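Colleague: Hi, I'm new to this one. Could you show it to me and walk me through it?

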Amino acid sequence: MLWLKALHLIFMVTWFAGLFYLPRLFVYHAMSSDDISNERFKVMERKLFFGIMTPGMMVTFIFGIWMLIDYAWALYGQSGWLHAKLALLFLLVIYHIFCGIWLFDFKHDRNRRSHVYYRWMNEVPVLFLVGIVILAVVKPF
């Protein structure tokens with residue numbers, strides 16, 4: 001059980017590292033104007049999204065679902081904090097999908113948003129992280 005938690009947390013940190021860094025890359029990409037920088041950002045963004053973020057998310061969910069099936073649902077299935085955490089995770093996956101859409105727009109040189117937009121979007125994962133960690137550790141309700 002503790003190994004599952006440890007692996008779940010390791011891959012959650014990996015996923016969040018990407019969620020924090022990719023929108024920051026979008027900020028710099030939106031500010032760049034030369035072809036060399038644009039192509040370099042496209043490579044960095046693609047590798048981060050498909051090589052770190054998405055696998056991190058998938059493995060996080062594998063270990064999380066494993067824990068739910070193994071013991072967590074039986075212990076906490078009636079607790080409001082678990083349902084709230086799962087709802088936040090659902091919304092976080094939607095944010096992850098939006099990152100993929102923005103990546104696709106940059107890949108095809110169709111970005112229409114400013115660097116300021118991505119600066120704001122860069123703060124969104126912080127809110128999810130705070131909420132999810134408080135729910136999982138404090139279990140307030």
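Modeller: Happy to! Just after α5, Lys139 takes a positive phi of about 50°; helices here are DSSP runs (H or I, at least four residues) numbered from the N terminus. This is a predicted model, so local features need pLDDT of at least 70 and side-chain atom pairs pLDDT 80 or more, while totals for chains, interfaces and linings use all residues. Residues are numbered from 1 along each chain as its sequence is written, and side-chain values use heavy atoms, with hydrogens and water left out.

Colleague: Which ring does the charged end of Lys139 sit over?

Modeller: That of Tyr76, 5.3 Å from the ring centre. The rule is NZ of Lys or CZ of Arg within 6 Å of the ring centre and within 35 degrees of the ring normal. Arg113 also lies over a ring face, that of Tyr117, at 4.8 Å from the centre.

Colleague: Back to α5, which of its residues are buried?

Modeller: Val124, Pro125, Phe128, Gly131, Ile132 and Leu135. They are on the same side of α5, because they cover an arc of only 130° around the axis, taken from the directions from the helix axis to the C-beta atoms. Val137 and Val138, on the other side, are exposed. Buried means under 20% relative accessible area, exposed over 50% and partly exposed in between (1.4 Å probe, protein chains only).

Colleague: What do the buried ones pack against?

Modeller: α1 (2–31), α3 (80–107) and α4 (115–121), with contact meaning heavy atoms within 4.5 Å.

Note on methods: Helix = DSSP H or I, 4+ residues; strand = E, 2+ residues; numbered from the N terminus.
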